[in-house]
Amino acid sequence: MRQWHFITLHARPTSGRRDGRVRHRDRVLLISALSAMALMLPSPSALPQASQGKEDASGQQAFNNACRTCHMVREGDNRLGPNLHKVVGRKAGSLPDYGFSSAMKEAGFVWDEEKLDRFIANPEEVVPGNSMKPYGGLSSSDDRKKIIAFLAQPR
């Protein structure tokens with residue numbers, strides 16, 4: 001939990017040479033305190049854009065909940081399932097260095113948003129004999145849309 005500390009500077013009635021040094025010290029303390037507080041704020045680039053940030057986060061969350069056990073979105077990071085980096089527009093079963101089922105290799109289509117939606121909903125219906133067991137599909141069309149939007153983002 002973040003705690004906030006505020007510094008209050010009080011003007012001191014002084015006279016002569018000491019007055020200049022006190023004001024200078026007070027200004028230095030004030031600048032230091034403000035600088036420290038500014039460092040605790042997130043940078044503008046770290047703040048999500050209003051709606052896109054929420055959509056990106058919800059898409060990643062839906063992906064993590066439904067897909068991340070077997071899949072990653074980092075190029076070359078194959079796990080139990082192939083990485084899904086740039087999957088939209090890729091020919092099914094064509095990722096090098098991954099051992100796809102013969103059913104997926106012979107599927108003969110390119111992944112688009114409609115095909116992904118159908119596949120995520122019911123893999124066996126789209127590619128009978130695929131290796132996505134025990135995953136049986138995701139019934140929530142809202143979650144499927146979020147996942148597909150997340151996968152379609154440029155990385």
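I started with Asp77, which sits in the loop between helix H2 (50-66) and helix H3 (102-105). Helices here are DSSP runs of H or I with at least four residues, strands are runs of E with at least two, and both are numbered from the N terminus. This is a predicted model, in which local features need pLDDT of at least 70 and side-chain atom pairs count only at pLDDT 80 or more, while totals for chains, interfaces and linings use all residues. Residues are numbered from 1 along each chain as its sequence is written, and side-chain values use heavy atoms, with hydrogens and water left out.

**Asp77**

Is Asp77 buried or exposed? I found a relative accessible area of 12%, so Asp77 counts as buried. The cut-offs are under 20% for buried, over 50% for exposed, and partly exposed in between, with a 1.4 Å probe and protein chains only. Its side chain makes a polar contact with the side chain of Arg74, at 2.6 Å. A polar contact is a pair of N or O atoms within 3.5 Å; within protein, one must be able to donate a hydrogen and the other to accept it, and residues adjacent in sequence count only if both atoms are side-chain atoms. I then set aside neighbours within four places in sequence, and Asp77 was in contact with Met72 and Asn83. Contact means heavy atoms within 4.5 Å.

**The whole chain**

Of the 155 residues, 28% are buried. Among contacts with a separation of 6 or more, 34% join residues 24 or more positions apart.

**Confidence**

I looked up pLDDT, the predictor's confidence in each residue, from 0 to 100. The chain mean is 82, and 66% of the residues reach 70 or more. Where is confidence lowest, and where highest? It is lowest in helix H1 (residues 17-40), at a mean of 61, and highest in helix H4 (residues 113-121), at 98. Over residues 5-9 the pLDDT is below 50, and this stretch has six contacts beyond near neighbours in sequence. Residues 43-51 also stay under 50, with three contacts beyond four places in sequence. I noted a caution: where pLDDT is low, the predicted coordinates should not be read in detail.

**Helix H4**

Which residues of H4 are buried? They are Lys115, Leu116, Phe119 and Ile120. They cover an arc of only 125° around the axis, so they lie on the same side of H4. The arc is that of the directions from the helix axis to the C-beta atoms. An α-helix has 3.6 residues a turn, so residues three or four places apart point the same way. The buried residues of H4 pack against H3, helix H5 (123-126) and helix H6 (141-152).

At the N-terminal end of H4 I found a cap: a side-chain oxygen of Asp112 lies 3.3 Å from the backbone nitrogen of Glu114. Glu113 lies in H4 and is partly exposed, at 48% relative accessibility. Not counting residues up to four places away, Glu113 touches Ile148 and Ala152.

**Asn130**

Next I went to the loop between H5 and H6, where Asn130 lies. At 5% relative accessibility, Asn130 is buried. Its side chain reaches the backbone nitrogen of Met132 at 2.7 Å and the backbone oxygen of Pro123 at 3.1 Å. Beyond four places in sequence, its contacts include Ser101, Met104 and Phe119.

**Asp142**

Asp142 is in H6. It is partly exposed, with a relative accessible area of 44%. Its C-alpha atom is 9.8 Å from that of Gly59, 83 residues apart along the chain.

**Pocket and cavity**

On a 1 Å grid over the protein atoms alone, a cavity is a set of points where a 1.4 Å probe fits but cannot get out; a pocket is an open set with protein on both sides within 12 Å along at least five of seven lines; lining residues have an atom within 4 Å of a point. Grid points are joined across faces, edges and corners, and a volume is the space filled by probe spheres set on the points.

The largest pocket has a volume of about 630 Å³. Of its 35 lining residues, the closest to its centre are His71, Gly81, Pro82, Phe119 and Met132. H4 gives the largest share of the lining, three residues.

How many cavities of 30 Å³ or more does the structure hold? I found one. The largest cavity is lined by Leu84, His85, Lys86, Leu151, Gln153, Pro154 and Arg155.
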